[in-house]
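Please read the notes that follow with the sequence and the model open side by side. They are set out as numbered points, each on one topic.

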Amino acid sequence: ASLVASKLLQEQTRKAFILNKDIDSSSTKSLGITANRLDINQGGTVNTSVYLDSNGLLGLGDINLKAGEDLFVNSLGNIVQVGQTTVTSDGDNRGQINLESQGSIINNAPNNSGLFTADDLILEANHDVGNSTQHLNIIADNLSVESGQNVDIKSTQSKDLNIISQGAVNGINANGNIRVETQGNLVLSELINNSQTSSDSTSELISHNGAIVDNNGTAANVKGYNLIAVAKNGIHLDTEVETIQRLASTDGHIIIREKDKVLVEDVTADNGNFTIGSGDITIQNISVQNANKSNEDAGNVNISSTSSVFNDSDITTKISADSLTITAAKDVGNTVKANDESSRSLDIDVKDLTVDAGGVVNIKEANDVTIHHIKTTGDVTVQSVDGSLAVGNILTTKTDKSDTNPTKVTLFAEKGNITNILEQSGATNLNVLSNQLVMKAKSGIGQSEQYLDVQIDQLAAN
């Protein structure tokens with residue numbers, strides 16, 4: 001049957017050359033063919049849309065449709081990218097490639113040289129749509145994918161790649177690993193949904209020379225277990241993931257709005273800010289810099305939690321930035337491991353610190369830090385390992401003296417001093433409000449003309 005279909009196609013192709021290269025196919029009269037490689041008119045222009053059906057494997061070779069025409073392929077087996085398949089717009093009509101496979105859609109061209117070029121690209125497969133060894137190469141404005149397993153797609157263009165809904169396919173859906181790589185902006189107008197819930201399932205988004213852009217308001221951009229996102233010019237995502245394995249931007253801000261709790265393993269912003277909002281947040285490494293010193297709005301970390309901000313119980317990991325601002329409904333720097341006092345603190349290396357919390361605040365700073373403001377209802381501990389503490393406001397809920405659970409502020413400057421950065425102007429500029437205050441500093445506490453202004457019941461200092 002495939003031989004007959006192939007001969008029929010060859011005959012129609014020869015006829016098409018005579019009849020202005022028109023191929024006689026339609027949505028109700030598809031051409032049936034099974035072949036390792038299909039080239040039409042040896043890559044010359046075909047003046048009609050092409051509809052193909054295959055009951056086995058179909059390799060798409062050099063196929064070039066007239067601008068404004070479409071390519072539709074439905075295969076019971078794999079659809080294989082083996083050549084250059086091109087459909088483009090004529091200005092009035094967009095060019096679409098629509099591939100549907102009950103197997104996989106993969107690249108098997110020499111040196112991964114296969115390419116699908118279209119204005120609108122729709123890919124559906126029961127198994128893979130590209131994979132780690134056979135990724136698909138594309139050039140497209142708009143992309144929609146439905147995959148039963150993995151997705152691995154690489155866009156070679158510098159313009160925007162838009163993830164949208166087309167027909168019955170909404171965004172990108174898969175049940176394995178997802179990897180989308182592009183040179184330009186990656187614009188997420190619809191959800192990238194990885195329904196595989198195992199811890200080894202990852203969604204990876206890469207924009208080499210652009211940004212990863214949230215284009216669907218407050219709706220989720222990415223759902224899955226692990227997330228990796230890398231972009232030159234910034235990342236902005238609404239997420240529903242368990243672990244942020246890596247976020248990296250060389251010249252732009254990173255903004256994450258996570259629906260629930262999340263583990264943040266590694267974040268790097270070389271010339272931008274990092275902002276995250278979530279439920280419980282457990283932090284390993286965050287490194288944010290102001291590499292371009294003329295950019296005043298860079299080098300800042302902003303963390304907001306509707307619950308707690310946890311240390312990861314590893315004293316070698318930390319938040320590095322010029323400034324750190326944390327807002328948490330509960331604790332900041334409490335431990336995620338029971339009875340692990342050595343790892344309770346949130347490890348940081350910042351110049352400026354501001355915290356608003358509703359529970360315990362426990363922070364270990366590597367060097368000098370200016371504490372502009374800490375306000376909470378629980379105990380506060382701030383320790384500088386190799387530097388000094390410059391104190392603005394540290395305000396806890398001061399209970400009655402008869403309370404059996406008084407609040408405590410503990411300040412340690414193991415190799416430096418503890419000083420006041422506020423003007424001496426009474427209660428509005430208190431350095432410390434708490435039941436108890438414990439301080440220890442190698443090089444002194446306060447100065448004769450800039451003493452620490454406190455309102456406490458008990459003091460211990462040395």
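1. Throughout this note, a contact, or a touch, means heavy atoms within 4.5 Å. With that in mind, and not counting residues up to four places away in sequence, L143 touches L121, L123, I138, I153, L161, N162, I163, I164, Q166 and I172.

2. On the basis of the numbers: this is a predicted model, in which local features need pLDDT of at least 70 and side-chain atom pairs count only at pLDDT 80 or more, while totals for chains, interfaces and linings use all residues. Residues are numbered from 1 along each chain as its sequence is written, and side-chain values use heavy atoms, with hydrogens and water left out.

3. On confidence: pLDDT is the predictor's confidence in each residue, on a scale from 0 to 100. The chain has a mean pLDDT of 89, and 90% of its residues reach 70 or more. Over residues 1-6, however, the pLDDT is below 50, and this stretch has 5 contacts in the model beyond near neighbours in sequence. Residues 13-20 also have pLDDT below 50, and that stretch has 7 contacts beyond near neighbours in sequence.

4. On the overall fold: the secondary structure comes to 1 helix and 47 strands, where helices (H or I, at least four residues) and strands (E, at least two) are DSSP runs numbered from the N terminus. Of the 462 residues, 52% count as buried; buried means under 20% relative accessible area, exposed over 50%, and partly exposed in between, with a 1.4 Å probe and protein chains only. Among contacts between residues at least 6 apart in sequence, 43% join residues at least 24 apart.

5. On the core: a nonpolar core is a set of buried Ala, Val, Leu, Ile, Met, Phe, Trp, Tyr and Cys residues joined through side-chain atoms within 4.5 Å. The largest one here has 98 residues, and those with the most contacts inside it are L52, L60, L123, L143, F274 and I303. In soluble globular proteins, nonpolar side chains tend to be buried together.

6. Is I106 buried or exposed? I106 counts as buried because its relative accessibility is 11%, and its place is in strand β11 (residues 105-107). Not counting residues up to four places away in sequence, I106 touches N78, I79, V80, Q81, G130, N131, Q134 and L136. I106 and N131 are 25 residues apart in sequence and 7.2 Å apart in space, C-alpha to C-alpha.

7. On two loop positions: S132, in the loop between β12 (115-125) and β13 (136-147), counts as exposed because its relative accessibility is 69%. The C-alpha atoms of S132 and I178, 46 residues apart along the chain, are separated by 9.6 Å. K261, in the loop between β28 (254-258) and β29 (262-269), is partly exposed, with a relative accessible area of 48%. Not counting residues up to four places away in sequence, K261 touches V241, E242, S278, G279 and D280.

8. A cavity is a set of points, on a 1 Å grid over the protein atoms alone, where a 1.4 Å probe fits but cannot get out, and lining residues have an atom within 4 Å of a point; grid points are joined across faces, edges and corners, and a volume is the space filled by probe spheres set on the points. The lining consists of I283, Q284, N311, D312, T317, K318, S345, L346 and D347, with β31 (281-288) and β36 (346-349) as the elements that give two or more residues to it.

Definitions and conventions: On a 1 Å grid over the protein atoms alone, a cavity is a set of points where a 1.4 Å probe fits but cannot get out, and a pocket is an open set with protein on both sides within 12 Å along at least five of seven lines; lining residues have an atom within 4 Å of a point.
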